[in-house]
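Morning, everyone. I'll take a few minutes to walk you through one protein chain. Please have the sequence and the picture open.

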Amino acid sequence: MAGLLDLLNSDLGKTLVSNASSQIGEDKVKTALALSTAMPLILGAMKNNVSTPQGADGLLNALSGKHDGSLLDNLSGMLGNNDVLSDGARILGHIFGGKQQTVANVVSKKSGIDVSSAMNLLQMAAPFIMAYLGKQKRAQKVNNSNEISDLLGNILGNGAQKEQSLITKILDADGDGSVIDDIIGMAAGGKKKGGIGSLLGGLFSK
């Protein structure tokens, strides 16, 4: 199973970058950087949500139904679809608790794309991630909260404890259990508890 950065470098990831770049009107380098910033935040927020039984059950149900992976069969034709973008907006609202504009600001600041492009990119990335998770859920026969949490962790860190720990620090730098507070800290310039922005930069400079 591909980890997140491996996924972005795969043929599927390159299709995502190419088509997203065309959709938002940004070059591929900035689009790839924006996705490498956005996707860990989306996955990390999902992992935070599945720490509760209700959150885990909700994600498992979604991955067994609408988000079963079929989107990946026609990725280039679906990314700009209004229904897919609307679905992406709903996913973002759910996992970020209405703070998705702040997340878009983070992606914009890190990648150099404008905020509206960052929001559009997030709306494309969320259904893509859900589809990938749905495909992996079927392939690995994931059926309970522990397994879905492990699946998310493996994709985030490609099985490497060091990277999983770094993502945890990015999402909850002050250890208070609140992902959103730390995303706000990132948008403010990464000054919170030793520089969350530098942690994010360190992850993608490898």
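First, a term. A helix here is a DSSP run of H or I with at least four residues, and helices are numbered from the N terminus. With that in hand, take S117: this residue is found in helix α8, residues 115-140. One caution before we go on: this is a predicted model.

Let's step back to the whole chain. How many helices and strands does the secondary structure come to? It comes to 12 helices and zero strands. Read along the sequence, the pattern is simply α-α-α-α-α-α-α-α-α-α-α-α. The chain has 206 residues, and buried residues make up 49% of them. Now think about contacts between residues at least 6 apart in sequence. Of those, 70% join residues at least 24 apart.

Next, a quick check on one helix. Helix α3 covers residues 28-49, which is 22 residues. At 1.5 Å a residue, α3 should span 32 Å. The end C-alpha atoms of α3 are 31 Å apart, so the two values agree. What caps the N-terminal end of α3? D27 does. A side-chain oxygen of D27 lies 3.0 Å from the backbone nitrogen of V29.

Back to S117. Is S117 buried or exposed? Its relative accessible area is 6%, so S117 is buried, since buried means under 20%. And what does S117 touch? Leave aside the neighbours within four places in sequence, and S117 is in contact with I24 and E26.

On to helix α6, residues 82-96. Two of its residues are worth a stop. D87 lies in α6. D87 has a relative accessible area of 8%, so D87 counts as buried. Not counting residues up to four places away in sequence, D87 touches K66, H67 and P127. Look at F96 together with N49. They are 47 residues apart in sequence, and 9.4 Å apart in space, C-alpha to C-alpha.

Now the largest pocket. Its volume is about 290 Å³. Which of its 15 lining residues are closest to the centre? They are G55, G58, L59, H94 and I95. Three helices, α3, α4 and α6, each supply at least two residues of the lining. Helix α4, residues 53-64, gives the most, with five residues. By class, the lining has seven nonpolar, seven polar and one charged residues.

K110 lies in helix α7, residues 100-111. How accessible is K110? Its relative accessibility is 31%, so K110 counts as partly exposed; that label sits between under 20% for buried and over 50% for exposed. K110 and T37 are 73 residues apart along the chain. Their C-alpha atoms are separated by 7.2 Å.

K141 is in the loop between α8 and α9, where α9 is residues 145-157. K141 has a relative accessible area of 62%, so K141 is exposed. What about its backbone? K141 has a positive phi of about 55°, although K141 is not a glycine.

To recap: the chain comes to 12 helices and zero strands, and α4 gives the most to the lining of the largest pocket. Thanks. Over to you for questions.

Technical notes:
Residues are numbered from 1 along each chain as its sequence is written. This is a predicted model: local features need pLDDT of at least 70, side-chain atom pairs count only at pLDDT 80 or more; totals for chains, interfaces and linings use all residues. Side-chain values use heavy atoms; hydrogens and water are left out. The expected span of a helix is 1.5 Å times one less than its number of residues. A polar contact is a pair of N or O atoms within 3.5 Å; within protein, one must be able to donate a hydrogen and the other to accept it, and residues adjacent in sequence count only if both atoms are side-chain atoms. Buried means under 20% relative accessible area, exposed over 50%, partly exposed in between (1.4 Å probe, protein chains only). Contact means heavy atoms within 4.5 Å. On a 1 Å grid over the protein atoms alone, a cavity is a set of points where a 1.4 Å probe fits but cannot get out, and a pocket is an open set with protein on both sides within 12 Å along at least five of seven lines; lining residues have an atom within 4 Å of a point. Grid points are joined across faces, edges and corners, and a volume is the space filled by probe spheres set on the points. Ala, Val, Leu, Ile, Met, Phe, Trp, Tyr, Cys and Pro count as nonpolar, Asp, Glu, Lys and Arg as charged, and the others, Gly among them, as polar.
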